[in-house]
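The entries follow in the order of looking.

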Amino acid sequence: MKIGILGSGLMGGKLGTIFARAGHEVVFSYARRKEKLEGLARDAGPKARAGTPAEAARTADALLLAVHWSRVDDVLKQAGDLAGKVIVTCSLPMNADDTGLVIAHTTSGAEELAKKVPEAKVACAFNTVPSEVLFGVYEARGGASRPSLVYCGDDAGSKEIAAALIRDVGFDPVDVGPLRIARYTEPFALLMGQLAYEGADGPELAYRFEWFGKQEL
Ligand SMILES: NC(=O)c1ccc[n+]([C@@H]2O[C@H](COP(=O)([O-])OP(=O)(O)OC[C@H]3O[C@@H](n4cnc5c(N)ncnc54)[C@H](OP(=O)(O)O)[C@@H]3O)[C@@H](O)[C@H]2O)c1
C-alpha cells in the first residue's frame, strides 16, 4: 500500500518506519523541520520518502493521522482534498498539557475527526499502545502469541486496511465495532498510558485479550 504519514513524531515516525520495513510505500510528513522527515525516510529504507501533507495524501491508499489534537485542523488543511481517503487515526483528543481528554463519553476524537472530514473514511487504531512498544512488537511478530490491538470504524474497507496494518506491525487486530466505540478505546488508551508511564515496569507495554470460552480442549 501507499501510506501517508500525517504527523511524524513518536507514533507516526515509528509506525511509518515499520510500515516501510514491512514493504509499504511511505511518505513522512508534518514535522517542524524538513530534515527530520528526511532523516526518518533515510532510516526507514528505500520504500520511504519525505513530503508535504498534500504530497502524502495525494496518492495514498491510507493515511495515518498522528498529531496532537491541537494540530488536527492544521494538518488536515495542509493535506487538502481527502475525499474517499482512508484515515487511520491514532490521535487522542488530549488537552494542551496531555493530562486529560478534552472530549469523551458522549463523543470521541475519532468521531469528531470523522465530522471534520465527512468525505473520508475514518478508522481508529494504534491509539491504545505507547510508541515505546512498537518496534519490540514488530521484532517479535513471528512469535507464538501476539499482543492484541483494538480498532474500530464505520467503513468496512477502511477497517480492513487498519486490520492489515495492525497485523503488519505484529499485533493481533481486535475489531471492537463502529467508530463510536472510540468513546471506550480512547479512555482505555489513558489507562495504558498510566501503566506505561507511571507504572514500575516501564513503557514497553502491550496487552492481550483472552477468550477462555474459545479454548479448544
Ligand atoms: N506517543 C504515544 O505513545 C501515543 C500513544 C497513543 C496515542 N498517541 C496520540 O498520537 C498522536 C501523536 O502523538 P505523538 O506522541 O507521536 O506526538 P509527537 O511526537 O508530538 O508528534 C507530533 C508530530 O506533529 C508535528 N508537529 C507539531 N506541531 C507542528 C507544527 N506546528 N507544524 C508542523 N508539524 C508539527 C511534530 O513535529 P516535530 O517532529 O517537529 O516535533 C511531530 O512530528 C497524539 O494525538 C497522541 O495523543 C500517542
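Entry 1. I count rings of Phe, Tyr and Trp (its six-membered ring) as a pair if their centres lie within 6.5 Å; planes under 30 degrees apart are stacked, over 60 edge-to-face, and the rest tilted. By that rule I find four aromatic pairs in the structure. One of them is Phe 188 with Tyr 207, edge-to-face, at 5.1 Å centre to centre and 80° between the planes. The pair links distant parts of the chain, 19 residues apart: Phe 188 is in helix 8 (residues 182-198) and Tyr 207 in the segment after helix 8. Helices (H or I, at least four residues) and strands (E, at least two) are DSSP runs, numbered from the N terminus.

Entry 2. I note that the model is predicted: local features need pLDDT of at least 70, side-chain atom pairs count only at pLDDT 80 or more, and totals for chains, interfaces and linings use all residues. Residues are numbered from 1 along each chain as its sequence is written, and side-chain values use heavy atoms, with hydrogens and water left out.

Entry 3. Phe 188 is partly exposed at 22%, while Tyr 207 is buried at 10%.

Entry 4. I also see that Phe 188 and Tyr 207 form one aromatic cluster with Phe 209 and Trp 211.

Entry 5. I looked up Thr 128, in the loop between strand 6 (121-124) and helix 6 (134-139). Thr 128 is buried, with a relative accessible area of 0%.

Technical notes. Buried means under 20% relative accessible area, exposed over 50%, partly exposed in between (1.4 Å probe, protein chains only).
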